[in-house]
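Subject: Structure for your files

Hello,

Here is the structure you are taking over. My notes on it follow below.

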Amino acid sequence: MVAGEWQERVTRESPPNVLIEHVLRYRAIAKLARESGTWIDLGCGSGVAAREGIGDPLPPEIVLVDSDREALRSAAELLGSTKLTAINGDLADRTFLSKLAERLERSPLPLAISAFEVVEHLEDFVPLVEFLRDQREQREATVVLSVPNDAFWPLDNPFHKTLWGASAFEELRHNLPPDHVVIHQLQISGSALVAQPQLRRIELELHARLDPSVNHVPTHMLAAFGPRTDLIEPQSAATPLDLIEQRRWENEREANLIYAENLALARGKLLAETERSYQELRAAFARAVEERDRLYRLVSEGDHRTSTAADGSEEQPPEETATSH
Amino acid sequence: MRVAFVVNDLQLSGGITVVVEHCRRLARLSGWEVSLVLARERDDRDWLGYPDLEPVRVIDRNQAAAERFDIAVATWWETAYALFQLEADHYAYFVQSLEDRFYLSDQAGRKAAALTLDLPVAFITEATWIRDLLRALRPDAPCFLVRNGIDKSVFTAPQLQQAMTGHLRVLVEGSADVWFKGVPEAVAAVEGMTERHELTVVTNEPADVAPLLGPHSRAVGPLSQAELAATYRSHDVLVKLSRVEGVYSPPLEAFHCGATVVTTPVTGHDEYIIHGYNGLVCEWDDPRGVARALDLLARNRRYLTYLRYNALRTAAAWPSWEQASLFMQAALRSIARLPATNSSLTGKRLIEDIRMYAAIDAEHLLERAAFHRRAMRYEQPISELRQTPIGELAARLAHKQSVRKAAKRVLQAARRFGTKK
């Protein structure tokens with residue numbers, strides 16, 4: 001029911017809280033991308049989040065890669081730059097990745113590679129992880145990748161080929177260069193007071209205190225490696241929630257729950273009534289059988305007396321009658 | 001990539017199943033040749049558990065010794081002894097548990113198993129706690145974490161099936177004759193419940209468990225994986241009171257089928273069990289506590305549903321075998337990228353030494369056990385004598401200084417007399 005409403009690719013219509021998560025990751029690497037000879041965005045999608053996150057000026061040379069041609073075209077339009085290459089291909093395919101590596105040999109250095117929310121969409125992510133590691137080792141590329149924390153999503157994502165959580169991320173880290181750094185993306189909830197009517201655009205500052213003694217569960221886990229990871233900037237952002245949409249979704253869920261509980265209650269009552277009726281019928285049936293047997297015995301006795309009187313023989317007691325219940 | 005996994009045999013067991021699941025998937029990869037190398041002599045019984053291993057090669061140790069592999073992987077401490085008989089560029093050790101703990105302190109296997117962790121190999125392990133321990137023990141050795149997958153086509157729960165009233169359906173699983181599985185303890189704890197319940201014990205030896213069971217209990221087994229999954233689905237809670245576990249798979253399988261767990265805080269439980277969220281973690285040696293936890297679940301069906309639902313959600317985030325084998329593939333590829341070491345000779349010598357000293361140790365332990373038995377033969381009559389009036393009198397006199405001095409003089413005189421004679 002809800003799975004049908006999943007929209008995995010980020011578009012302008014994506015919920016603001018989802019969009020801001022994507023934008024923030026690109027904002028974190030904006031400086032790294034801009035100060036690189038080439039920025040490569042693997043699994044670029046529609047480019048909406050990248051355009052907003054990277055901002056202006058754009059990196060001098062951009063390489064976009066995605067398996068969806070339409071999304072790739074949209075990203076190329078949004079990130080229109082003097083030197084932009086859009087490449088359509090499957091990031092799980094070793095042959096494609098070899099060709100991509102050959103293509104990148106001609107790209108100006110230094111390289112910055114992002115692969116946000118890509119790994120979980122691949123049937124086989126091992127070739128991509130090896131490709132990223134090779135780029136770091138052979139081309140001194142700085143790489144940033146992210147995976148979602150599926151374990152904390154209440155619903156199964158039908159688009160994810162593999163499931164990710166803290167443990168799976170740990171498994172992945174064993175296959176990354178040992179100097180990699182880990183970044184957790186945390187969800188922050190907040191509130192704002194805004195005088196009405198609001199006549200102009202307002203920029204609100206975000207103040208949030210994160211206590212190291214508290215285990216803040218990440219929504220996404222990022223890993224970065226390469227010589228220029230220090231250019232990745234810490235980021236935080238907040239966005240007003242679409243309370244109307246959120247209320248619709250939450251109320252639908254609540255309504256479904258209430259409906260299911262009431263249905264269960266009604267079925268329970270019906271079941272109890274049926275059980276009671278069944279017991280009454282069973283008792284009535286037992287009484288009817290008893291009455292039948294009594295009558296049968298009376299008839300048998302009557303028959304016996306009649307035949308004895310007709311024969312003039314000695315009276316014998318009737319035989320025991322077996323009845324089945 | 002030519003990879004050899006060394007196994008003792010191919011008899012049905014949890015550890016071998018894990019190796020076989022990985023091998024089957026790795027062997028389907030383009031450019032991979034995966035072999036299962038049998039460290040022991042082949043036996044017809046070996047093939048019962050895994051009839052269809054294609055495209056995995058199954059070869060014996062001698063055949064494997066004539067070949068060369070990119071990576072050779074030991075899968076159990078005893079197989080480490082055969083590992084260095086294979087020619088390979090890299091050697092790895094797939095550690096599924098700290099196997100020395102399977103043996104009691106006076107068993108020779110304990111030291112021999114522990115020593116294999118000193119071998120010059122790269123480690124692959126299934127559990128975070130083992131990874132942390134290996135890192136502490138062997139900071140020099142590469143270590144990769146590859147969690148076990150779950151067969152999501154077998155261990156499934158289309159929907160939570162739960163009786164809102166009636167008996168709590170309790171399941172105990174494990175080999176009753178393996179001391180660290182705690183099966184008799186679990187049965188005793190369940191039988192201590194005051195609320196209505198039905199107990200099913202899944203074990204390889206149902207007849208051994210039958211005498212322990214009450215009127216609402218039954219023992220079944222051995223079961224196939226599909227039968228085991230169906231059994232999990234028709235129960236509310238699994239009770240496991242293990243003392244030693246590696247990755248602790250049974251509760252995870254139960255979670256996939258919608259059952260919660262009452263468990264001891266055994267190693268591996270904290271990989272996915274959260275007390276009060278998807279299961280209940282009880283103290284060690286606390287059968288009454290286990291029984292009370294089960295009584296609580298029997299009385300409070302809303303809480304039971306909460307735990308079972310969260311167990312299902314936990315299961316949903318656990319990797320399938322397909323995903324697990326991707327990490328195994330990644331780990332093996334990472335090991336293959338490491339500089340080739342000349343660990344074959346070192347390993348061979350080290351393993352020969354370990355084998356020799358383990359054999360000596362085993363002899364010493366056997367001798368010690370024999371001495372212990374002989375000593376106990378004398379201990380018994382002495383203990384009986386001490387309980388007689390004469391024995392008690394002798395014990396009292398032995399405490400007196402004058403008596404001890406006199407006895408000493410008598411003994412010295414006796415010795416002198418013996419010498420003169």
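Helix 10 and helix 11 of chain B are roughly perpendicular to each other, a label used for angles of 65 to 115 degrees (under 35 is roughly parallel, over 145 roughly antiparallel, and the rest oblique). The model is predicted: local features need pLDDT of at least 70, side-chain atom pairs count only at pLDDT 80 or more, and totals for chains, interfaces and linings use all residues. Residues are numbered from 1 along each chain as its sequence is written, chains are lettered from A and ligands numbered from 1 in the order in which they are written, and side-chain values use heavy atoms, with hydrogens and water left out.

Helix packing

Helix 10 of chain B and helix 11 (residues 301–316) of chain B pack at about 105°, and their axes are 5 Å apart. Axes here are lines fitted to C-alpha atoms, for helices over the stretch in contact, with angles from 0 to 180 degrees between N-to-C directions. Helices (H or I, at least four residues) and strands (E, at least two) are DSSP runs, numbered from the N terminus. On the helix 10 side of chain B, L296(B), L297(B), A298(B) and R299(B) meet R301(B), Y303(B), L304(B) and L307(B) of helix 11; contact means heavy atoms within 4.5 Å. By class, this contact of helix 10 with helix 11 of chain B has six nonpolar, no polar and two charged residues. Ala, Val, Leu, Ile, Met, Phe, Trp, Tyr, Cys and Pro count as nonpolar, Asp, Glu, Lys and Arg as charged, and the others, Gly among them, as polar.

In chain A, helix 5 (residues 94–104) and helix 6 pack at an angle of about 20°, with axes 10 Å apart. That makes helix 5 of chain A roughly parallel to helix 6 of chain A. Helix 5 of chain A contributes R94(A), L97(A), L100(A), A101(A) and L104(A) to the contact, and helix 6 of chain A contributes V126(A), P127(A), L128(A), E130(A), F131(A), Q135(A) and R139(A). The residues of this contact between helix 5 and helix 6 of chain A divide into eight nonpolar, one polar and three charged.

The sheet in chain B

Chain B has an open sheet of seven strands in the order 3-2-1-4-5-6-7, with parallel pairing; two strands pair if DSSP finds at least two bridges between them. Strand 3 and strand 7 (143–145) of chain B are the edge strands, each pairing on one side only. From one strand to the next, the twist averages 30°. Strand 6 (residues 122–125) of chain B is joined to strand 7 of chain B by three bridges, and the two run parallel. T125(B) has L145(B) in strand 7 of chain B as its bridge partner. Helix 1 (residues 14–27) of chain B lies across strand 1 (2–7), strand 2 and strand 5 (87–95) of chain B, at about 150° to strand 2.

Backbone points to check by eye

A cis peptide bond joins E54(B) and P55(B), with omega about 0°. P55(B) lies in the loop between strand 2 (33–38) and strand 3 (57–60) of chain B. Another cis peptide bond, with omega about -5°, joins G221(B) and P222(B). P222(B) is in the loop between strand 10 (217–220) and helix 8 (225–233) of chain B.

E140(A) is not a glycine, yet has a positive phi of about 60°. E140(A) is partly exposed, at 46% relative accessible area (buried is under 20%, exposed over 50%, partly exposed in between; 1.4 Å probe, protein chains only).

Regards
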